[in-house]
Amino acid sequence: MPLEIPREMRKLCEFCNGEYFSPLGQASVIHHAFERIVPFDSMIDRTGLLFAFMPMFRRGLFANELMVPICWGASLEREYRRTLKDASRKELTSESHKVYKEQWASYNARNTSMGVVIANMFISKVSKLRDSWRSRGLKISANSATDKLLDLFLAIPQLATRHAASCIGKSYGATNEAMRQLVKAGIVKEVAVDNRERVFVCDQSAALIADFVDNLEKMGEVASEPGE
């Protein structure tokens, strides 16, 4: 009933914020409960996943400080997820309720496993690129502007000096000098955008991210083919 949705969501949020049993087990109960409550139906929606994996995020289950991209597992199993979601919304006996919770647990376990594999693939490529930059003879002091910029450019391929300074917590002057060193080392290049601010672009990290996204899309296409 529509009028029951706010009350049910409040109860679900209370459950999400507690630590009752294993993160995966709690995630599965949450996912199952949310799909029965949810007032909309869209296969591109990831709200259920966000709720489901809150226990994992809250307990620090990250891969090298990167949040595991759990949504890709759902993207690779669209039809199974739709079938499971539709079945979970029907009137259930206590026995079938238990069965569907177990199926959600299995589904979420596969999602998590796929997410970790994908995260590790990306971390491996990022680590190789980081090592190649740091072997170019730059003088890199720990916690310096140069040290921090090298990691920042791995995630953000295009940065203005002022924005970069705010991100790494360094002065404009120190950040500007670090940018100059990275340009000299061939890691970034300066691009003229307008007369107010200089912008620096890292083609290598931009290509790494673009290539990785392309590979993920191909994985999704293959998994969606009949017989896969």
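This is a short talk on the fold of one protein, from its overall make-up down to one residue.

Keep in mind that this is a predicted model: local features need pLDDT of at least 70, side-chain atom pairs count only at pLDDT 80 or more, and totals for chains, interfaces and linings use all residues. Residues are numbered from 1 along each chain as its sequence is written, and side-chain values use heavy atoms, with hydrogens and water left out.

Let's start with the whole protein. It has eleven helices and three strands. Helices here are DSSP runs of H or I with at least four residues, strands are runs of E with at least two, and both are numbered from the N terminus. Along the sequence, the pattern reads α-α-α-α-α-α-α-α-β-α-α-β-β-α.

How much is buried? Buried residues make up 37% of the 228 residues. Buried means under 20% relative accessible area, exposed means over 50%, and partly exposed lies in between, with a 1.4 Å probe and protein chains only.

Now the sheet. The three strands form an open sheet, in the order β1-β3-β2, with antiparallel pairing. Two strands pair if DSSP finds at least two bridges between them. β1 (158-160) and β2 (189-192) stand at the edges. Each has a single partner strand, so one side of each is left without a neighbour in the sheet. From one strand to the next, the twist averages 35 degrees.

Look at β2 and β3 (residues 198-201). Four bridges join them. A192 stands opposite R198 in β3.

Next, the helices by the sheet. Helix α9 (residues 161-168) lies across β1 and β3, at about 95 degrees to β1. Axes are lines fitted to C-alpha atoms, for helices over the stretch in contact, and angles run from 0 to 180 degrees between N-to-C directions.

How do α9 and α10 cross? Their axes come within 9 Å and cross at roughly 110 degrees. That makes α9 roughly perpendicular to α10, a label for angles of 65 to 115 degrees. From α9, the contact uses T161, R162, A164, A165 and I168. From α10, it uses Y172, T175, N176 and M179. Contact means heavy atoms within 4.5 Å.

Finally, take T175. It is found in helix α10 (residues 172-184). Is T175 buried or exposed? T175 is buried, with a relative accessible area of 0%. Leaving out residues up to four places away in sequence, T175 touches A145, L149, T161, A164, A165, I168 and K170.

How values were computed:
Angles under 35 degrees count as roughly parallel, over 145 as roughly antiparallel, 65 to 115 as roughly perpendicular and the rest as oblique.
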